[in-house]
There are 2 protein chains.
Amino acid sequence: MRDFSNDHRWLSLNTATVRKQGDFAQIVDACARHGIRAIDPWRDQVAAIGLDRAVKVVRDAGLDLSGYCRGGMFTADDAHRQAARDDNRRAVDEAKALGASCIVLVVGGLPQYSRPGSAPSKNIGVAHAQVEDGIAELLDYAKQASMPLAIEPLHPAYAADRACVNTMRQALDICDRLDPSRSGAVGVALDVYHVWWDFELLTQIERAGKNRLLAFHVCDWLVPTKDILNDRGMMGDGVIDIKSVRAAVEAQGFAGYSEIEIFSDDWWGRPMDDVIRTCIERHRTVV
Amino acid sequence: MRDFSNDHRWLSLNTATVRKQGDFAQIVDACARHGIRAIDPWRDQVAAIGLDRAVKVVRDAGLDLSGYCRGGMFTADDAHRQAARDDNRRAVDEAKALGASCIVLVVGGLPQYSRPGSAPSKNIGVAHAQVEDGIAELLDYAKQASMPLAIEPLHPAYAADRACVNTMRQALDICDRLDPSRSGAVGVALDVYHVWWDFELLTQIERAGKNRLLAFHVCDWLVPTKDILNDRGMMGDGVIDIKSVRAAVEAQGFAGYSEIEIFSDDWWGRPMDDVIRTCIERHRTVV
């Protein structure tokens, strides 16, 4: 396991962590100020300053991209399926232009939430099937762009409205079916927030192996959690034994960035430099 | 699959559903008024009027008990373990006195939340082991009382503070280890709220079989869920396809009560008779 206590060279900042404090260019500037070498941008933040300018600021700053957030939302009714397909292909193109190491897939829940306007459904079995079909189709496109797809199992609290892939086992079952040769074209993005509770976490990390561990995200689970979406904790403030999970991931050979992604009304309310300073400190002490 | 549309003979009311509107005796009276044949009492509600009186009101009303809530909270530090053991044995004794069909186990999360005062821990692996040890020990006692233990997998959102058994697979793995002969002494309480999201739900229901399906609870998952504990929905108001889950459970031979358990600040704020009338209506239409 790598020693993070002396520096933060393996810290990547997911730009959602400070999305309320500045635009994409300002976040990149802040990363330069704090010696952060990598980011994971969100599509809406990139779109807000324009893809070309985003590509330029990333290149000028010499930043790595530990991922690109996000593709997915595959669940849709017939009327919205083509739009979902086109949207995902654009996401792959953007990820390629930005030089991302993978595109993170938040796969979608029930169609009325994933693609608003879709006919309401309570059939999560159909949603599961649509997700797998959608990933399979996008995979052909992404392979041509050499852009790995990282399926992110989301916490089951998001099954209805964000992602109906909710465990490592489920994500890896999909990987096995779509890429039996383990080519590396599809894998998982493991966020400790979403999977820390799972009794199978360590065995499924082992099952994934280096080949399918495409991204590693950290934050913390607060008790109590006051808001399901936007009350995620700074590492060390909650109950997740983050170091143990990182040890398991690195035991498989993962040697990439440890990406900090915190959706939090609390942290969004603080100055960007304070948040980043705290991220760096916690990265060195508790990640 | 049984037809519930004509009557509510298979409706059981978990007394937490109307816990703010009256004491245990008043809830039993209301059940009599509405032709409800079964309940699942909570220990604190029983304790509030005294066990002897609770036994009497249940008998006088001729009510069945589809379960007794709850045993569990097995996770504790050394200083609190004996208290947890004693407390669980008392719960079995009470369940027996009341004539419950099983005792529902909410197994506990991290020890500092399950047994307040316990030393804080982030080691969920240790919690898993303590839970299994605790169930194994209680099982010996419960068998002598012929009181089945129903492990309730709780939604992963409660893994830290209420239960670190969070899926049917996990609960059934424990059952297999503790009762390989499938004697019926230990099984699961399936609450659709906690497990509806699970891609393995239907296969794990099949794995459980009639022998291990000891209780069936219903409410609904609201989108958005405003409070993780106390914003559960009335059946039909959320996204769970309840009938499909009931069909799967009954396909295994389950022929017991469909128990309504709703933790909801919203429904707790309405008159008891209104809530019960709505429960009956929804039981007939969407359960």
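**Figure 1. The open sheet of chain A, strand by strand.** Two strands count as paired here if DSSP finds at least two bridges between them. With that in mind, welcome to this predicted model, where nine strands of chain A make an open sheet in the order β3-β2-β1-β9-β8-β7-β6-β5-β4, with parallel pairing. Its edge strands are β3 (64-65) and β4 (68-72) of chain A, each of which pairs on one side only.

**Figure 2. Strands β1 and β2 of chain A, side by side.** Strand β1 (residues 11-14) of chain A runs parallel to strand β2 (residues 38-40) of chain A, and three bridges join them. To find your place, look for A:Leu13, which stands opposite A:Ile39 in β2(A).

**Figure 3. Two helices of chain A against the sheet.** Which strands does helix α4 (residues 78-98) of chain A touch as it packs on the sheet? They are β3, β4 and β5 (103-106) of chain A, and the direction of α4 makes about 160 degrees with that of β4(A). Helix α6 (residues 124-144) of chain A lies across β4, β5, β6 (149-151) and β7 (186-191) of chain A. Relative to β6(A), helix α6 of chain A runs at about 155 degrees.

**Figure 4. Strand β8 of chain A and its two neighbours.** Is strand β8 (residues 213-218) of chain A enclosed or open? Six of its six residues are buried, so the strand is largely enclosed by the rest of the structure. On one pairing, β7(A) and β8(A) run parallel and are joined by four bridges; here A:Val188 has A:Leu213 in β8(A) as its bridge partner. On another, three bridges pair β8(A) with strand β9 (residues 258-260) of chain A, again in the parallel sense. Within this second pair, A:His217 stands opposite A:Glu259 in β9(A). To get from β8(A) to β9(A), the chain passes through helix α10 (residues 242-251) of chain A, making a right-handed β-α-β crossover.

**Figure 5. The buried side of helix α1 in chain B.** Now over to chain B, where helix α1 (residues 24-33) has B:Phe24, B:Ile27, B:Val28 and B:Cys31 as its buried residues. Why do they sit on the same side of α1(B)? They cover an arc of only 100 degrees around the axis, which puts them there together. As a reminder, an α-helix has 3.6 residues a turn, so residues three or four places apart point the same way. The buried residues of α1(B) pack against β1 (11-14), β2 (38-40), α2 (43-49) and α3 (51-61) of chain B. After α1(B) comes B:Gly35, with a positive phi near 70 degrees.

Methods:
Residues numbered from 1 in each chain as written. Chains lettered and ligands numbered in written order. Predicted model: local features only at pLDDT ≥ 70, side-chain atom pairs only at ≥ 80, totals over all residues. Contact = placed C-beta atoms within 7 Å. Axes fitted to C-alpha atoms, helices over the stretch in contact; angles between N-to-C directions. Buried ≥ 20, exposed ≤ 12 C-beta atoms within 10 Å, placed from the backbone. Arc of directions from axis to C-beta. Right-handed = clockwise from strand over helix to strand, strands pointing away.
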